Amino acid sequence: MSISPSKVGLIGCGAIAQAVHLAILARLPNVEVVALAEPDPQRRTAAQKRLKSATAFSDYKDLLAHPGLEGVVICLPSALHAEAAIAAFEQGKHVYLEKPIGIDLDEAQAVVAAWQQAGTVGMVGFNYRFNPLYQAAKQAIQAGEIGELVSARSVFSYPVGTSPLWKQKRVSGGGILLDLALHDVDLARYLFDAEVETISALVRSHQYEDDTAALQMQLTNGVLFQLSTSMSTVDEASWEICGQGGKLIADRYRATQLEVMSAHRPSSRRQQLGVSLQGALRQLNPRKILNPTLEPSYQGALTQFVKAMQSGQPVQPDLNDGLIALQVIAAAETAARTGSIVSLTDFAEEASPVPVSPLS
């Protein structure tokens, strides 16, 4: 039995949409992109050339009235996410919303409330959950391959000069905490099946406002998680996950496979070097080094969204996951401002309750 194509609209045709979303949506099976919205005339024209059958609008509110439209993918600048998502939910649409779901907790909670009222699919763009390296890491952890977890550290960064103006100011949804740290906070929840219990943070401004941060978190399962992130250095996206029986290394830009190190590795430095070099040569990913936008998780995430639209089944990561991760970022901002260690339990009580999202 064939499934009728789901009619989808794309809201926002900027750099990430041009590089990723347009191409993926055009080739996904059982999807018809019937409309796109972009206020910039040049970007709108460029997008329509690639999706010739889609009706182009300058205002996303007009897109939402397009006949037969079932769902939208929202790729606007962060400060516009909440407004567009709420408008879409009020029209009864399914929504895939790039992160963050709002630039503060009030916005995020309003988005979640609108989603719950609509009863439609609400998915947040934490696409890295669908990267094969991180999925392999989660499976290895669950299988006990490195024993009881001890600690983890991640580095997520990109070079100076690659950020649009709106990402350079916190008030417009910029800063490294909303841009990159949010992704790794969500990945920690996904990988370790745990929540952030306490957090401390240092935030610095080099080229842009709040463009570099170092976060220290304790998770509810006892894991210590360190995150270093910046938009003023080099391209890097790596994780090291340490257990009592070994270590996992996942490097998205330089490797195609998860590296598993046993606690019982060769004792001599020469043997260790030989093993490390063999692994590096076998796993090197030159295509990803040359073009970091070759990221498989985007297609996995959008595929999951379309499947949820068609099946009516819950999807993860959902907007509750977006809200919980944003609460951690808000707590990190408080920690950086006050120089204190912030308890997420106390922070939630002082703000407002955050729904618990089932982890997958």
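How are H4 and H5 oriented to each other, roughly parallel or roughly antiparallel? H4 and H5 are roughly parallel to each other. The model is predicted: local features need pLDDT of at least 70, side-chain atom pairs count only at pLDDT 80 or more, and totals for chains, interfaces and linings use all residues. Residues are numbered from 1 along each chain as its sequence is written, and side-chain values use heavy atoms, with hydrogens and water left out.

**View 1. Helix H4 against helix H5.** H4 spans residues 81-90 and H5 spans residues 105-118. Helices are DSSP runs (H or I, at least four residues), numbered from the N terminus. The two axes come within 9 Å and cross at roughly 15°. Axes are lines fitted to C-alpha atoms over the stretch in contact, and angles run from 0 to 180 degrees between N-to-C directions. Angles under 35 degrees count as roughly parallel, over 145 as roughly antiparallel, 65 to 115 as roughly perpendicular and the rest as oblique. The crossing of H4 and H5 is left-handed. Left-handed means that the near helix is turned anticlockwise from the far one by less than a right angle; right-handed means clockwise.

**View 2. Residues between H4 and H5.** H4 contributes Ala-82, Ala-85, Ile-86 and Phe-89 to the contact, and H5 contributes Glu-107, Ala-110, Val-111, Ala-114, Trp-115 and Ala-118. Contact means heavy atoms within 4.5 Å. By class, this contact of H4 with H5 has nine nonpolar, no polar and one charged residues. Ala, Val, Leu, Ile, Met, Phe, Trp, Tyr, Cys and Pro count as nonpolar, Asp, Glu, Lys and Arg as charged, and the others, Gly among them, as polar.

**View 3. Glu-90 of H4.** Glu-90 lies in helix H4. Its relative accessibility is 64%, so Glu-90 counts as exposed. Exposed means over 50% relative accessible area, buried under 20%, partly exposed in between (1.4 Å probe, protein chains only). Glu-90 and Gln-117 are 27 residues apart in sequence and 8.3 Å apart in space, C-alpha to C-alpha.

**View 4. Helix H1 against helix H10.** The axes of H1 (residues 15-27) and H10 (residues 297-311) come within 10 Å and cross at roughly 50°. H1 is therefore oblique to H10. The crossing is right-handed. Ile-16, Val-20, His-21, Ile-24 and Arg-27 of H1 meet Tyr-298, Gln-299 and Leu-302 of H10. These residues divide into five nonpolar, two polar and one charged.

**View 5. Cys-13 and Cys-75.** The disulfide count is zero, where a disulfide is a pair of cysteine sulfur atoms within 2.5 Å. The sulfur of Cys-13 is 8.0 Å from that of Cys-75, its closest cysteine sulfur, too far for a bond. Cys-13 is buried at 0% relative accessible area. Cys-75 is buried at 8%.

How values were computed
Helix = DSSP H or I, 4+ residues; strand = E, 2+ residues; numbered from the N terminus.
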